[in-house]
Amino acid sequence: MAKYSETVLEEIKSRISIVDMASKYLTLSRKGDRFWGLCPFHDEKTPSFSVLPDKGFFHCFGCGKSGSLFDFVMEMEHLTFPEAIRHLAEQAGIALEEETEEDRQKRTELETLRDLYEKLAASFNYILVNTNAATEAQQYLKDRGFTTGSMEKFLLGFAPDDPGWLYAFLRSKQYSDTILAKSGLFSKNNKDYPIFRNRLIFPIRDWQGRVVAFGGRDLSGNSQAKYINTPETMLYRKREIVYGLFESLPTVKTENSCILCEGYFDVIAMHQAGLSTAMAPLGTAFTHDQGKLIRRYAEKVFTMFDSDDAGRAATKKALVVCESMGFESRVITLEGAKDPAEMLQEKGPEVLAKACLNSKSGFDHLVHSAISLYDGKKATGKLQIFTEVKPYLDAVESEIVRQSYLRDLASYLQLDESTLLRDYMNRTTDKSIGKREEQFRSGKGFDPSLGGWKRSSDLYAMLTLMNNRFLFPTIRNRLRVDDLIDEQAVELYTVLEDASREGVGASDELVLNMIGNEDLRRIVSMSFQTEEFTAQAEPILEESIKRIMLRRLEKVRKNVENLIRLAEKDGSVSVELSHLLLEKKSLDEKIAGMRKPEHV
Ligand SMILES: [Zn+2]
């Protein structure tokens with residue numbers, strides 16, 4: 001994306017007032033320091049759309065839309081951020097600064113790489129479908145039950161065995177050695193030696209359908225690596241790409257759900273069986289970034305990972321990610337085959353489709369799989385089961401839902417419900433919440449029209465930082481991103497880090513634009529319009545950080561206490577026990593020390 005300097009943005013804002021701009025689209029009248037009008041984004045009879053000229057922001061109290069001059073124009077004219085800037089600069093008569101040479105070069109390289117991947121995907125596909133070189137590959141796909149329709153939908157291809165082919169082919173298309181070196185397609189030590197040879201090729205597309213990487217499956221049987229992928233390049237960030245998302249999008253949007261599988265062939269097999277919401281995180285771990293991408297289109301996630309240990313771990317992790325992001329999650333367990341691709345091959349598409357009808361809720365699945373692994377009759381087994389399920393419980397946002405899960409768990413484990421509840425609460429309660437935070441959490445002191453979103457104390461701290469970004473460089477030395485447990489707070493932390501790295505931290509608009517999640521962007525944009533986060537920022541942050549640190553220590557102490565309980569019960573070696581007791585003592589002291597000075 002082309003970057004615009006802050007001066008350009010400031011220049012635009014100084015020449016075009018948000019009130020004038022909004023007045024082009026609706027009638028505004030002044031009341032106090034705000035202007036009011038009928039919202040252009042939703043139907044209404046009484047005005048709830050307000051513009052704050054001093055702050056340069058708008059907010060609708062009806063539909064919640066909110067933002068800057070740039071957001072307003074983006075919404076009204078359906079423009080991207082850079083387009084909106086160009087549009088406004090033109091109106092204001094501002095010449096946009098030339099890109100720097102470095103920017104220009106980077107953009108050109110990116111465009112060239114995109115073009116290369118597009119062309120190469122088409123060539124690989126052509127070779128697979130039309131040439132004798134790929135006879136074995138075609139046969140292989142046929143044997144595994146894949147149709148030509150699937151080959152087309154996923155643009156499957158074949159990389160020839162000839163090691164000289166790829167380099168010669170791309171050079172003949174005028175790609176420079178510099179670009180080829182950055183393409184991820186050649187060996188690092190040998191500029192013309194291709195990483196894909198005699199492999200079936202799976203083009204990996206981003207959500208817009210652009211090919212950004214390749215996966216390749218060995219067909220020779222001689223390679224140590226059955227599957228290889230292009231490494232991360234300018235185009236490709238693995239944790240942000242979901243294989244099959246693009247191909248699934250139309251169905252995902254209508255069904256409001258998706259199915260996460262493990263590999264390329266699983267995704268294709270599922271689509272062939274008519275389950276065309278199947279996709280795969282690349283590698284087995286499902287990331288928050290991938291979740292964010294899917295969250296735009298769907299609220300429900302089915303997981304369908306392999307039935308081995310790796311698949312079980314991947315399922316558990318994905319369920320926690322899903323829960324923390326507010327997805328409804330369900331687990332499909334295949335009976336009679338190791339994965340969807342195998343079931344397609346051995347039993348056909350109808351059997352596969354039918355097998356996917358049965359699913360369990362994420363929570364039930366976790367509990368049952370933990371119970372099958374550990375002995376729920378013994379105290380240690382109960383604790384292990386509890387420990388397995390706990391990350392999921394932590395991720396549950398609603399207290400009511402969590403309590404009902406805890407009740408279920410207590411009955412599975414034949415434990416007294418109140419004991420389990422108390423134990424759980426002891427492990428997680430934040431005991432020292434400042435007064436302002438409490439107000440914030442209860443919705444007082446901050447615009448109530450924002451009701452409904454998660455008011456966590458982590459988020460409060462990050463909003464304070466967002467409003468006082470100059471403090472970030474000092475805070476980041478003390479607070480790590482993994483100290484935060486609230487997903488939105490984590491996103492804000494990442495944005496702050498990116499903004500400070502890219503040197504755009506001084507501009508509200510640029511920073512807002514870096515927030516991917518729309519709700520979160522709205523929350524931050526609203527926070528810019530109040531005084532709440534700027535008054536006494538430093539003491540508030542200090543308090544928040546202290547509390548987050550305490551939480552980290554208390555968590556460690558709780559784990560140690562559990563280990564002590566276990567060690568005592570099992571009569572474990574006394575050396576271990578005495579170590580644990582020492583560790584607990586030192587944690588007790590640290591925690592007491594942190595609590596003391598301000599009598600929290
Ligand atoms: Zn509205």
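1. In this predicted model, S66 touches F58, H59, R522, S525, M526 and Q529, leaving out residues up to four places away in sequence. S66 itself belongs to strand β5, which spans residues 66-68.

2. The relative accessible area of S66 is 14%; since buried means under 20%, S66 is classed as buried.

3. Helix α21 (residues 457-467) and helix α23 (residues 487-502) have axes that come within 8 Å and cross at roughly 25°. The two helices are therefore roughly parallel, because angles under 35 degrees are counted in that class. The crossing of α21 past α23 is left-handed.

4. On the α21 side, the contact is made by D458, L459, M462, L463, L465 and M466. Helix α23 contributes Q488, A489, L492, Y493, V495 and L496. By class, the residues of this contact comprise 10 nonpolar, one polar and one charged.

5. P231 is placed in the loop between β9 (227-229) and β10 (242-243). With a relative accessible area of 37%, P231 is partly exposed, whereas S66 is buried.

6. Apart from neighbours within four places in sequence, P231 is in contact with G184, I195 and Y236. The C-alpha atoms of P231 and L185 are 8.3 Å apart in space, while these residues are 46 residues apart in sequence.

Technical notes: Residues numbered from 1 in each chain as written. Predicted model: local features only at pLDDT ≥ 70, side-chain atom pairs only at ≥ 80, totals over all residues. Heavy atoms only, no water. Helix = DSSP H or I, 4+ residues; strand = E, 2+ residues; numbered from the N terminus. Buried < 20%, exposed > 50% of the residue type's maximum accessible area, 1.4 Å probe, protein only. Contact = heavy atoms within 4.5 Å. Axes fitted to C-alpha atoms, helices over the stretch in contact; angles between N-to-C directions. Parallel < 35°, antiparallel > 145°, perpendicular 65-115°, else oblique. Left-handed = near helix turned anticlockwise from the far one by under 90°. Nonpolar A, V, L, I, M, F, W, Y, C, P; charged D, E, K, R; others polar.
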